Amino acid sequence: MQNTSMLMWGLVFGSIGFGFFSYGRKQKAIVPLLTGMTLMVLPYFVANLYLLLGLGVVLLAIPYFIRL
C-alpha cells in the first residue's frame with residue numbers, strides 16, 4: 001500500500017512542481033523556479049512516505065511566504 005501512496009504523492013508533488021517551475025521560468029522568479037525543481041526531483045530521493053509528505057508540504061508553502 002505504501003508503494004502506491006508514494007507513487008501517487010510523487011505524481012502530485014511533481015505536477016505541482018512543474019507548474020511552479022514553468023511559472024518561475026516565465027516570470028523570472030527564482031523562488032518558484034527552485035521550489036518547482038526541488039518538488040519535481042523530491043520523490044526520486046525520498047523513500048519514506050511521511051517524510052515525502054512533510055517535505056512536500058513545506059516546499060509548497062515556501063513560495064507563499066518568501067517573495068523576492
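A: Met37 is placed in helix α2, where helices (H or I, at least four residues) and strands (E, at least two) are DSSP runs numbered from the N terminus. The model is predicted, with local features requiring pLDDT of at least 70 and side-chain atom pairs pLDDT 80 or more, whereas totals for chains, interfaces and linings use all residues. Residues are numbered from 1 along each chain as its sequence is written, and side-chain values use heavy atoms, with hydrogens and water left out.

Met37 counts as partly exposed because its relative accessibility is 36%; buried means under 20% relative accessible area, exposed over 50%, and partly exposed in between (1.4 Å probe, protein chains only). Met37 belongs to a nonpolar surface patch of about 820 Å², which is made by Ile30, Leu34, Met37, Tyr64, Phe65, Ile66 and Leu68. Two or more residues of this patch come from each of α2 (30-45) and α3 (49-65), and α2 is the element that gives the most, with three residues. Patch residues have over 30% relative accessible area and no salt bridge, like charges being joined within 9 Å and nonpolar side chains (Val, Leu, Ile, Met, Phe, Trp, Tyr) within 5 Å. The areas follow the Shrake-Rupley method with a 1.4 Å probe, only the protein chains shown counting as cover for residues; a salt bridge is a side-chain nitrogen of Lys or Arg within 4 Å of a carboxyl oxygen of Asp or Glu.

Along its length, α2 has 16 residues and spans 22 Å from first to last C-alpha, close to the 22 Å expected at 1.5 Å a residue (the expected span being 1.5 Å times one less than the number of residues). At Leu39, α2 bends by about 25°, and Pro43 follows within four residues; the bend is the angle between axes fitted to the seven residues ending there and the seven starting there.

The buried residues of α2 are Val31, Pro32, Leu33, Thr35, Gly36, Leu39 and Leu42. Their cover includes α1 (2-27) and α3. Pro32, in helix α2, is buried because its relative accessible area is 10%. Apart from neighbours within four places in sequence, Pro32 is in contact (heavy atoms within 4.5 Å) with Phe20, Phe21, Tyr23 and Gly24. Pro32 and Leu59 lie 27 residues apart in sequence, with 9.7 Å between their C-alpha atoms.

On the α3 side, Gly56 is a residue of that helix and counts as buried, because its relative accessibility is 0%. Leaving aside neighbours within four places in sequence, Gly56 touches Phe13, Leu39 and Leu42. The C-alpha atoms of Gly56 and Thr35 are 9.9 Å apart, although 21 residues separate the two in sequence.

Met6, Gly10, Phe13, Gly14, Gly17, Phe21 and Gly24 are buried in α1, and the buried residues of α1 pack against α2 and α3.

The loop between α1 and α2 holds Lys28, which is exposed because its relative accessible area is 74%. Just after α1, Lys28 adopts a positive phi of about 55°. Most residues other than glycine have a negative phi.
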